[in-house]
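Have the sequence and the 3D view open while you read.

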Amino acid sequence: GNLSSSGGGASVFFTKPYWQVGTGVPADSSRDIPDISFNAAAAHDPYLICATDPTMPATPAFCTNGYRNSAGNLDTVGGTSVGTPSFAGVLALVEQKIGGRVGNANPTIYALANSSFYATAFHDVTVGNNNSPCAVGTPDCPGGGSIGFSAGVGYDLATGWGTLDAFNFVNAWSQVTPLTPTTGEIVSQTTLTAIPGTVLQGATITLIAAVGSGASNQIPTGAVQFLVDNVAFGSPVALSGSGNSATFTLNTATLSGGAHTAQAAYSGDATFAGSKSSAAITVIGPDFTITPTLATTTVKSGSTAAGITFTVTGIQNFIGNVTFSVNTPNGTFTPNPVVIGTVNGTGTTVLTITTATALARGTTSAASRPAASPWVATGSGVALAGILVLVLPRRRRFIGALAAVISVGMLAAAGCGGGTAPASIVLGAAPGIYTLTVTAVGVSGNTTASHTVSVNLTVQ
């Protein structure tokens with residue numbers, strides 16, 4: 001079914017509340033979520049419901065036979081539509097137990113989590129993650145692959161403090177003292193400016209944070225913590241000057257190439273509450289170019305094509321390795337990877353393509369029929385094609401060509417993280433024009449760059 005997972009992360013707008021403390025809570029100067037977890041998976045553990053909707057008379061009546069509707073089906077729901085009201089029900093039990101109102105529940109929830117009641121009032125989730133696929137270069141995912149958080153001991157960004165033991169949670173509620181504020185309550189407003197917003201990796205960006213408030217004639221005091229992608233850089237900087245601002249010089253040498261989020265988190269003081277602001281910045285990381293000596297090449301069936309030389313040129317301070325792959329098991333690169341040992345240096349590799357041996361004379365196959373097209377497939381699909389060839393009666397095929405087909409099912413196409421690898425092409429005896437996709441992935445420091453180029457191969 002569709003991918004689904006728990007949600008979590010650090011706010012780019014709100015600083016960490018005074019009550020959000022404890023084992024596992026990130027030191028990111030940010031309001032982190034979630035606080036607790038409730039089941040919400042509609043496809044895994046759905047909630048059975050009975051409901052009425054007078055605006056939809058044609059809808060089968062709910063729960064006419066136990067939990068089944070008039071059509072004989074079960075009606076189920078999931079998501080926050082059930083997780084949130086379930087916790088509201090728990091808080092109703094708390095109010096009944098204490099004989100009063102709860103108000104803001106978090107100071108007491110975190111007090112419970114930091115007390116001896118944690119082990120009995122909560123079920124700590126310590127394994128698993130909520131990773132989801134992400135594309136190269138998207139926010140918080142410069143290298144591609146997946147993005148998410150892992151569960152761990154105590155608080156984590158995947159499950160918060162975990163799930164509740166409702167009975168123990170309710171009974172322990174009044175046994176702890178809610179955490180008390182450490183800052184004032186007047187709203188402050190932080191703005192952040194990044195100058196310049198785009199730089200080459202290793203250059204500096206000046207971050208300027210200004211803190212003000214329209215609700216008071218008092219001037220906020222305190223300090224600002226600067227962060228990038230919710231990771232603190234340097235120590236807090238005290239507010240100063242007529243603009244009530246703080247300035248920080250950000251060195252981008254340790255940042256990967258791509259989009260990032262710079263943040264300024266004001267800590268608050270005895271009068272003003274904390275606040276947070278963000279600004280988008282872009283780091284242009286090391287990169288490279290690849291240039292083939294030939295855009296097209298020709299080879300006879302069962303022969304090896306003339307080698308195609310690819311020249312790699314580093315740009316933007318690139319130094320590192322570039323690894324090549326091609327969407328056919330018939331191709332090899334020498335050398336691989338190409339090592340760029342000096343900043344913005346050059347290197348070469350040669351792609352060699354060998355087609356399978358021609359079919360035995362007198363046999364009949366799709367390869368020898370007019371208007372035949374190359375076999376294009378991936379993974380087990382090609383392996384299945386090879387198996388089907390095996391079971392066809394009186395169809396003799398040269399063993400080399402057959403082995404080439406079957407081998408694709410055991411090979412994995414290389415590609416950039418988060419992307420889709422091109423379909424593998426098996427170069428058998430069939431004449432035709434094949435488009436080969438060459439992928440080069442370069443790693444320089446903490447930056448990964450990827451480029452592709454196409455080469456047309458004519459098999460005669």
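Before we look at strands, one term: two strands are said to pair if DSSP finds at least two bridges between them. Keep in mind, too, that what you're looking at is a predicted model.

**A strand with two partners**

With that term in hand, go to strand β21, which covers residues 320-326. How many bridges join β21 to strand β27? There are six, and the two strands run antiparallel. β27 spans residues 432-444.

Is β21 mostly covered or mostly open? Mostly covered: five of its seven residues are buried.

Now for the aromatic side chains. The structure holds 15 aromatic pairs. Two of them are set out here:

| Pair | Centre to centre | Angle between planes | Arrangement |
|---|---|---|---|
| F169 and W173 | 5.5 Å | 65° | edge-to-face |
| F324 and F333 | 5.3 Å | 35° | tilted |

Why does F169 count as buried? Because its relative accessibility is 0%, and the cut-off for buried is under 20%. W173 is buried as well, with a relative accessible area of 6%. In the other pair, F324 counts as buried because its relative accessibility is 4%. F333 is at 11%, so it counts as buried too.

**Stepping back**

What does the chain look like overall? The protein chain has six helices and 28 strands. It has 460 residues, and 36% of them count as buried. Its accessible surface comes to about 23,300 Å², with 57% of that belonging to carbon and sulfur atoms.

Finally, the contacts. Take those in the protein chain with a separation of 6 or more: residues 24 or more positions apart account for 65% of them.

Conventions: Residues numbered from 1 in each chain as written. Predicted model: local features only at pLDDT ≥ 70, side-chain atom pairs only at ≥ 80, totals over all residues. Heavy atoms only, no water. Phe/Tyr/Trp six-rings, centres within 6.5 Å; stacked < 30°, edge-to-face > 60°. Buried < 20%, exposed > 50% of the residue type's maximum accessible area, 1.4 Å probe, protein only. Helix = DSSP H or I, 4+ residues; strand = E, 2+ residues; numbered from the N terminus. Contact = heavy atoms within 4.5 Å. Areas by Shrake-Rupley, 256 points an atom, 1.4 Å probe, with all protein chains shown as cover.
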